[in-house]
Amino acid sequence: MKKNETDLHYHYTKLFDAMIDKTKLSFETVGRDAHGNLILHISRTYNMSSAYSSDDEYFILTAEEYREYVEKARKNKFISLFKYRRFLREAEPPKPDGKVITSFEIITLHTSGMRFTSEDEIVMKDGAAEVSSYSIRYSDSEDRRVLEKRALCSVEEVLKLLNDCKLLSWDGFHGAHPRGVLDGIMFSFEATVNDGRKIKADGSENFPKHYRDFTDGIYNLLNKE
């Protein structure tokens, strides 16, 4: 059982509870994350000076460990016989089909207009996603990136955004500037996903489907509470 080292709340889809101890205010929950990994979430609540504090740990389970927790959930009567059999059949993580983004290394969106040039970037860093927004400024005969805002978020949040916006379909997009439009926004997009797959797109006042959803999503990641 491999511990998932993260200081953030780890996002996963719950499959079942394996143990709930109301006396000790603790529970064990099994789920699956956006990568297809089987996740064990152990949570313990402590009463400290009349205030409650929660300690959460996340572990990646092997197929055999997952089966043991299915057995535990059945023994503790948290799942029916029907679900018990179904969960055992689903012990192996699903294999990527190439139609979704399951991992990423770096994602860069460069945009420019009449009075601005900016760059948004998402990179993997210590098991989390680092989202940065830069302004591009001309100084000393070269362009320099000036950090405007930065935030850390979960990898699962970013993967959901990438797949909701269908970024794999952006590859090769070239949006020619529309006739009769004198100015507008130009963009170039590059990403490395799924262990080395490259995605490239560009355009001038001509964008791929879900482009606005993607830029809104980056804004929300940078400005979430």
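This is a predicted model: local features need pLDDT of at least 70, side-chain atom pairs count only at pLDDT 80 or more; totals for chains, interfaces and linings use all residues.
Strands of a sheet pair through backbone hydrogen bonds, either parallel or antiparallel.

Strand β11 also pairs with strand β12, residues 197-204, in the antiparallel sense over eight bridges. Here Val 193 stands opposite Arg 197 in β12, and β11 and β12 form a hairpin with three residues between them, where Asn 194 in the turn has a positive phi of about 45°.

| Strand pair | Residues of the partner of β11 | Sense | Bridges |
|---|---|---|---|
| β11 and β12 | β12: residues 197-204 | antiparallel | eight bridges |

Both pairings are part of an open sheet of seven strands, whose order is β9-β8-β7-β6-β11-β12-β10 and whose pairing is mixed. Strands β9 (142-153) and β10 (173-175) stand at the edges of this sheet, and because each has a single partner strand, one side of each is left without a neighbour in the sheet. From one strand to the next, the twist averages 15°.

Two helices can be described in relation to this sheet. Helix α3, residues 155-164, packs on the sheet and touches β6, β7 (117-125), β8 (128-139) and β9, with a direction that makes about 55° with that of β6. Helix α4, residues 211-223, lies across β6, β7, β8, β9 and β11, and runs at about 70° to β9.

For the chain as a whole, the secondary structure comes to four helices and twelve strands. Of the 225 residues in the chain, 40% are buried, while the chain exposes about 13,900 Å², of which carbon and sulfur atoms supply 50%. When the contacts in the chain between residues at least 6 apart in sequence are considered, 52% of them join residues that are at least 24 apart.

Key:
Residues are numbered from 1 along each chain as its sequence is written. Side-chain values use heavy atoms; hydrogens and water are left out. Two strands pair if DSSP finds at least two bridges between them. Axes are lines fitted to C-alpha atoms, for helices over the stretch in contact, and angles run from 0 to 180 degrees between N-to-C directions. Contact means heavy atoms within 4.5 Å. Buried means under 20% relative accessible area, exposed over 50%, partly exposed in between (1.4 Å probe, protein chains only). Accessible areas come from the Shrake-Rupley method with a 1.4 Å probe; for residues, only the protein chains shown count as cover.
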